[in-house]
Every structure is written in C-alpha cells, then in structure tokens.
Amino acid sequence: MKKLKRLSWDDYFIKLAQMVKTRSNCMRRQVGALLVKDKQIIASGYSGTPKGIKNCDEGGCKRCRDREKNLLKTNERKDLCICICAEQNSLIQAAYHGISTKGTTLYVTISPCLQCARLIINARIITVVFPKHYQDTVGIDLLKSARVEVRKIK
C-alpha cells in the first residue's frame, strides 16, 4: 500500500494562517494567525482596521496613508496606526466567543511584536510557531523569558 505524503501539523497550520492573511486590509503588513488547541482551530485573526472603521487600503489608517505619500518612514509614528495585529484579532475572537486560550498554540505568519508578545504571555498561550522573523526580536525575547515555547519553521 502506498503511503501518502502529508504535511506536518506545523506546516498545515502555517499554510492555513497564510491563507487567513489574505483577508488582511493593512497596507503596512499582511499577517495571519491561528489559535490551535488539541490540533483544532479555536480562533483566527488577520491584520487590519477595527470593525466598522474604513479599511486601511481604503484610507482608514492615517499612518499608512502618510507612509504611502512618503511623509513617514517605515518605523515612524507607530502610535498613529489604527490597525490591529493578527495575533490580537485572534485573541479578541476567542474572547468574543468565550473560548479559553490557556494552553493553546499560536501559528502566525511572522513572529510577534513586543505588544503582541505581552498579550500572548498573559493569554497563557504556551507555544508560538512562525516561519519568518519580524523586523526585531524583542517580542521573541520576551516570550522566551516568560518560558513560552518559540519555534521558527521553514
């Protein structure tokens, strides 16, 4: 009998997170995230503007508009950005539906920033899996110091 070649669980969930990111409307960075428990998806999220706010790609975020016009450099004025990170949106979706995130694994298309790392730690997520690093490793360093398992995959 011929054995089928199957994706590993990590590769499977990362590929799904990459599909989720296609819903992103953030002009700065399209990111997708999945919260998984016992090999079951409990929540998903992608980067973009809050519900009811004009999408980023339609001019909803002043920071992204200013960057498009070359009025801001890449890392300037992050405080002006109204977009929500994919990790944050997945946590919000879990909370909205009353689902505990304790003991879950987060699959995300890019490693978490510092702000998301703080939320991940307090949400009691135990593992973070990603294929690509964010522009710095401050978030990853914080996760490691809190003993959250961090796995970069190919």
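Start with Ser47, which sits in the loop between strand 2 (40-46) and helix 2 (62-68). Helices (H or I, at least four residues) and strands (E, at least two) are DSSP runs, numbered from the N terminus. Before going on, note that this is a predicted model, in which local features need pLDDT of at least 70, side-chain atom pairs count only at pLDDT 80 or more, and totals for chains, interfaces and linings use all residues. Residues are numbered from 1 along each chain as its sequence is written, and side-chain values use heavy atoms, with hydrogens and water left out.

**A buried serine**

Is Ser47 buried or exposed? Ser47 counts as buried, at 6% relative accessibility. Buried means under 20% relative accessible area, exposed means over 50%, and partly exposed lies in between (1.4 Å probe, protein chains only).

The side chain of Ser47 makes polar contacts. Such a contact is a pair of N or O atoms within 3.5 Å; within protein, one must be able to donate a hydrogen and the other to accept it, and residues adjacent in sequence count only if both atoms are side-chain atoms. The Ser47 side chain reaches the backbone oxygen of Arg29 at 2.9 Å. It also reaches the backbone nitrogen of Val31 at 3.0 Å. Leaving out residues up to four places away in sequence, Ser47 touches Ser24, Asn25, Cys26, Arg29, Gln30, Val31, Ile84, Cys85 and Ala86. Here, contact means heavy atoms within 4.5 Å.

**The nonpolar cores**

In soluble globular proteins, nonpolar side chains tend to be buried together. A nonpolar core is a set of buried Ala, Val, Leu, Ile, Met, Phe, Trp, Tyr and Cys residues joined through side-chain atoms within 4.5 Å.

The largest nonpolar core has 23 residues, and Leu35, Leu106, Val108, Ile120, Ile125, Val128 and Leu143 touch the most other members. The elements that give two or more residues to this core are strand 1 (32-37), helix 3 (86-96), strand 3 (105-108), helix 4 (114-122), strand 4 (127-130) and helix 5 (138-145). Which element gives the most to this core? Helix 4 does, with four residues. Apart from this core lies another, of nine residues, among them Phe13, Val20, Leu34 and Val36.

Now take Leu35. Not counting residues up to four places away in sequence, the residues Leu35 touches include Ile41, Ile42, Leu91, Ala94, Leu106 and Ile125.

Gly139, Ile140 and Leu143 are buried in helix 5. They cover an arc of only 95° around the axis, which puts them on the same side of helix 5. The arc is that of the directions from the helix axis to the C-beta atoms. The face turned away from the buried side of helix 5 carries the exposed residues Lys144 and Ser145. Among the parts that cover the buried residues of helix 5 are helix 4, strand 4 and strand 5 (149-152). Just after helix 5, Arg147 takes a positive phi of about 65°.

**Ring pairs**

The structure holds four aromatic pairs. Rings of Phe, Tyr and Trp (its six-membered ring) pair if their centres lie within 6.5 Å; planes under 30 degrees apart count as stacked, over 60 as edge-to-face and the rest as tilted. Here are two of the pairs.

| Pair | Centres apart | Angle of planes | Type |
|---|---|---|---|
| Trp9 and Tyr12 | 5.8 Å | 85° | edge-to-face |
| Trp9 and Phe13 | 5.7 Å | 20° | stacked |

Trp9 and Tyr12 both lie in helix 1 (residues 9-20), three residues apart. Trp9 and Phe13 both lie in helix 1 too, four residues apart. An α-helix has 3.6 residues a turn, so residues three or four places apart point the same way. Trp9 is partly exposed, at 42% relative accessible area, and Tyr12 is partly exposed at 37%. Phe13 counts as buried, at 1%. Ring pairs link Trp9, Tyr12, Phe13 and Tyr107 into a cluster.

**Salt bridges**

A salt bridge is a side-chain nitrogen of Lys or Arg within 4 Å of a carboxyl oxygen of Asp or Glu. The count comes to two salt bridges. Arg151 forms one with Asp10, with the closest N and O atoms 2.7 Å apart. Arg151 lies in strand 5 and Asp10 in helix 1, so this pair ties together parts that are 141 residues apart in sequence. Asp10 is buried, at 16% relative accessible area, whereas Arg151 is partly exposed at 26%.

Arg151 also meets Glu149 in a salt bridge (3.0 Å, N to O). Glu149 is partly exposed, at 38%. Salt bridges that share partners join Asp10, Glu149 and Arg151 into one network.
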